[in-house]
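Dear colleague,

I am passing on the structure we spoke about, and below it you will find my notes on what turned up when I went through it.

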There are 2 protein chains.
Amino acid sequence: MRDVGIVGVGHTKFGRWNGSYLDMASTAAVEALHDAGINLAAGEAGIDQLFLASMGAGQVNRISGAASALVDTLNLRPAMAETVENGPASGASAVKLAYMAIASGLANTVLVVGAEQMRVLSGWESTDFVATMLHPEAEYPYGMTLPAAAGMFTRLHMEKYGTSEKDLAIVAVKNHENAMHNPVAHIHLVPDLHAITDDEDANVINPYVAEPLRVYATCPMSDGAAALVLTALDTEREFAHKPVRIAGVGQATDTHVVAERPDPLDLFAVRESAKRAYEMAGMGPKDIDVAELHDAFQILEIAESEEVGFFPRGEGNKAAREGKTRVDGEMPINTSGGLKAKGHPVGATGVSQVVEIVRQLRGEATGRQVKDARTGLTTNFGGFGNNVVSIILTTKEKG
Amino acid sequence: MRDVGIVGVGHTKFGRWNGSYLDMASTAAVEALHDAGINLAAGEAGIDQLFLASMGAGQVNRISGAASALVDTLNLRPAMAETVENGPASGASAVKLAYMAIASGLANTVLVVGAEQMRVLSGWESTDFVATMLHPEAEYPYGMTLPAAAGMFTRLHMEKYGTSEKDLAIVAVKNHENAMHNPVAHIHLVPDLHAITDDEDANVINPYVAEPLRVYATCPMSDGAAALVLTALDTEREFAHKPVRIAGVGQATDTHVVAERPDPLDLFAVRESAKRAYEMAGMGPKDIDVAELHDAFQILEIAESEEVGFFPRGEGNKAAREGKTRVDGEMPINTSGGLKAKGHPVGATGVSQVVEIVRQLRGEATGRQVKDARTGLTTNFGGFGNNVVSIILTTKEKG
């Protein structure tokens, strides 16, 4: 199997995008191609395949074949192109498919773009759009939403492991602090831990979204795009950056209906996807220097930090409290600001996570750089954990 | 690169599906798994990856992560899963991705399902939905539709190559005749050639949709699903059928905006996709015994039959007139009934085309069987020719 590496990264400012969907997607793509040192003059880019990751290109923006339109916009014809949808894990799915395309030999160089423009929707429409990732017959029609699912999950976690609202706020504040060093983050603002938890006005500035989840325990709705250039490591083509190797790719599905899981706190697909990625990489949790986990809700950063093996079950809350997951901690998580503060344009998130790890491994994460980072992990969480993709990236030689 | 073959096929009756989207998709999937001799008892199916092809799962049916829901329905957890969208070429794109998944070594056995439920929309809503595959900034907002694009294309073809309305009707009648032998076809009815062309009532029973295209020169709106089981040919696993080998997969994009093509009659992506598939297979047009071409409009069957190399440019109309493309002709096309009569549930079509070729190569196409068929071609046409995928299947040994 051919080895695959990443040689270019691009990322729009997450938040609100005032141009068109294609404009947003192409902006991140052009940055990634430029970063890789690729000449975009017609016919010279040498991109064999484009994968566009999006949950809502069709449903929200009413664009079909958006990947083909993007190929055309970027002068990449006659490159192959597909749009990939796997809910909020669409981005990492596209990276996986790029890996497959190259490893299969059908492509040498692949462009991956994750792009989501959600803020054309109202707040309620956004919540409804996101809810379409719940089971179409057993959950969605009954009015279930993602905050509702996460609220119930949080309540159970609190009861079983003693996680507190303050623990969630500690994770949030850390991620907001990290985002202050990430120019492309959606939110540049650091809430005061006391003010959003213990202060008498906490209910005013940090109200409940779905009790026990408050505003500062959930991610915002964001527009944004991120892009990657992937290439086979056995080709002689030269790029502007030394490749960051994809050492492992793991994916697993779980019951679509959360209530059908024997233990709703058991995020099987997170654990299994990480296990598969570790096995493929010949690595374990101790090899990871930096990780981007899918904190659409702050409880998920805590729970995932356990499932991927960084901390024992039930001790992710304590690790966060002790500062272990800070940039200068023993296991830095979400140095980008995470979904909480960097933002969560759903289909773009998995690609954005990989962009952050590449920046960390290249030593480009100014202000939030993890010292001596050689290997990183991303975990991209689809649905309420029904389809999860984990990716391990490294600058270490294979061996 | 590992070789890949097809060991199972499934297909719902195209037309109107009165159940749910997932029910329709799983019905075709169960049939394909059963056809392959796979035990669907939980945990025993051995499916590593599912690709669901759909243009409208999100946009029409408002289901995100439908591939994961289908994995769960079919008891295939923790199989990997993604939904693939490439307009009406989504189906062949999913087959391509399955090929990549297996050839890369990340999967051994893959389930591909194409499923589209369009008839929940009104006629006008369907036309609008289909139109979202046109360029989102340069075509769709100006009211362009697919019948309009095809009408203009047909007019040019008539002027340049002398194609007549009667030629289109000849193609339509042939496909309707073929569909009479295909139990899963949408329309079981053979129009009278004279009545729909020369008769004084032709304008009543066969009115213009977008002049010079009449009703019998365009496909219907259909619900439907088709499914395939693909496997690596180097594994020792046994299936109920001998594999039909995928010898070639070719894909190419063209300008998204039809008006930007130097010659709008030049279907570059059709030609290039077929060329790539022939090259990969080490074959040429003369090796093809039977083909499924994308006759969303009858003019496309004629034009594609030229671009894939069956007939010289401008002579596809003559070939159809002379009966060369009939089941007993020298180059049988659309023995399934084609999109015209079998129906065109957009995301399912590319998968359905492959199902028909597998049935032909197995000798199972009762009533429409092409004699001694060993090798077949499918061409699945996305947008108005902006992204085309061609696949070559064969029972011949690799050599």
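I start with helix α2 of chain A, which spans residues 66-73 and is mostly covered, with 7 of its 8 residues buried. Please keep in mind throughout that this is a predicted model. The buried residues of α2(A) are Ala66(A), Ala67(A), Ser68(A), Ala69(A), Leu70(A), Val71(A) and Asp72(A). After this helix comes Asn75(A), which has a positive phi, near 65 degrees.

Helix α10 of chain A, residues 298-307, has 10 of its 10 residues buried, so the rest of the structure largely encloses it. Those buried positions include Ile299(A), Leu300(A), Ile302(A) and Ala303(A), and among them are also Glu301(A), Glu304(A), Glu306(A) and Glu307(A). Which elements of chain A do the buried residues of α10(A) pack against? They pack against the helices α5 (146-161), α6 (165-179), α9 (268-281), α11 (316-321) and α12 (338-341), and also against the strand β10 (375-382). Just after α10(A), Gly309(A) adopts a positive phi of about 95 degrees.

Turning to the two chains, chain B is superposed on chain A by a rotation of 180 degrees with 0.0 Å of shift along the axis, at an RMSD of 0.0 Å. The two copies are therefore related as by a two-fold rotation axis. Of the interface residues of chain B, 100% are also interface residues in chain A, which means that the copies meet through the same surface.

With best wishes

Key
Residues numbered from 1 in each chain as written. Chains lettered and ligands numbered in written order. Predicted model: local features only at pLDDT ≥ 70, side-chain atom pairs only at ≥ 80, totals over all residues. Least-squares fit on C-alpha atoms with pLDDT ≥ 70 in both. Contact = placed C-beta atoms within 7 Å. Buried ≥ 20, exposed ≤ 12 C-beta atoms within 10 Å, placed from the backbone. Helix = DSSP H or I, 4+ residues; strand = E, 2+ residues; numbered from the N terminus.
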